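Please look over the chain shown below with this briefing at hand. The notes that follow are grouped by topic.

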Amino acid sequence: MVKALLFDVQGTATDFFSTVCDEARRIGAGRHPDANWPDVVRRWRAAYFAALEAASGRADGWVSVHSVYRDALDAVLDEHGLAGFSVAEREELTLAWQRLRPWPDVVAGLTRLKDRYTLATLSNADVCAVVNISKRAELPWDAVFAAEMAGVFKPDPAIYRMAATYLGLDAGEIMMVASHKYDIRAAGALGFRTAFVARPLEFGVDGEVDVAYSDEFDVNAADFLDLAQQLGC
C-alpha cells in the first residue's frame, strides 16, 4: 500500500518556463525588445540537463545546481546576442529558478493528497532552491528531499534510495510523481510505484513535450487534481 508520494519540482509541480520568461523580460527592462525569450529559456534548460549529465560522470565533488544555471546563462545569452546584462542582473536572472510559480492545480491537488499521504519533494534542484520555491508558492510538503542530500542527481538510484531511507518506508510503499518519464522509470526500476503527470505546456505553447500516457506507469494523470481523484482523495 502506498503511504508516501515523492514529487519532482521543476516542471512537474512548477511552471518554470513562463516564470523564467517573465523574469527575463522584467530584468531586461525593455533593452532587448526583439529577444526570443522562449527560445532562450528552452536552450538554458537544455544546457542545464547537459551539465547535469556531465557532472554525473565526474568524481570531483558536488556541483550546485545554482552554479550550473549561472555558468550556462553566459553562454546562452552570448549565443542569442543579448549583451548588456550586468553581473548582478545575471545573478538575479539565475535566481528566477528559485521563484518558480506552481501550476494552477498544484496547491489544491497537494492539499487533497496530504489528507491521506505523506508528501515530499525529490528534486535535482538545490535544497535552498526547493525550500524557497515551496515557501513562496505555499506548497504543503511534509518533507523536502533533494539531490544535494544524496550527492548525486536523478536518475541515479542512490537519490531514490535516500528518500526511502529518510521516510522509513519500503520502495513499494512510495510513489514517484513526475512529468519526466526518465525520472519515474528510474524509480520504478527500484520497485517504487509510479505516477506520470502530463504537463503539455512545460516548454510553452510551441515546446516539444512527451505527454503520452503509458501502461508502464501505475497512474497516468492530467494534473495533481486528477492524481488526487485517482488515488481516492
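Helices (H or I, at least four residues) and strands (E, at least two) are DSSP runs, numbered from the N terminus. This is a predicted model, in which local features need pLDDT of at least 70 and side-chain atom pairs count only at pLDDT 80 or more, while totals for chains, interfaces and linings use all residues. Residues are numbered from 1 along each chain as its sequence is written, and side-chain values use heavy atoms, with hydrogens and water left out.

**Backbone features in loops**

- Glu 138 lies in the loop that runs between helix H6 (127-137) and strand S5 (143-146), and its phi is near 55°, a positive value in a residue other than glycine.
- Glu 138 counts as exposed because its relative accessibility is 63%, where buried means under 20% relative accessible area, exposed over 50%, and partly exposed in between (1.4 Å probe, protein chains only).
- Between helix H7 (147-150) and helix H8 (157-167), the loop holds Pro 155, and the peptide bond leading from Lys 154 to Pro 155 is cis, with omega near 15°.

**His 180 and its surroundings**

- His 180 sits in the loop between strand S6 (174-178) and helix H9 (181-189), and it is classed as buried because its relative accessible area is 10%.
- Leaving aside residues up to four places away in sequence, His 180 touches Asp 8, Gln 10, Gly 11, Thr 12, Arg 45 and Glu 202, with contact taken as heavy atoms within 4.5 Å.
- The side chains of His 180 and Glu 202 make a polar contact at 2.7 Å, the term denoting a pair of N or O atoms within 3.5 Å, of which, within protein, one must be able to donate a hydrogen and the other to accept it, and residues adjacent in sequence count only if both atoms are side-chain atoms.

**Asp 206**

- Asp 206 belongs to the loop between strand S7 (193-197) and strand S8 (219-221), and it is exposed because its relative accessible area is 67%.
- Asp 206 and Asp 8 are 198 residues apart along the chain, and their C-alpha atoms are separated by 23 Å.

**Cysteines**

- The count of disulfides comes to 0, a disulfide being a pair of cysteine sulfur atoms within 2.5 Å.
- Cys 128 is partly exposed, with a relative accessible area of 43%, and Cys 233 also counts as partly exposed, at 23% relative accessibility.
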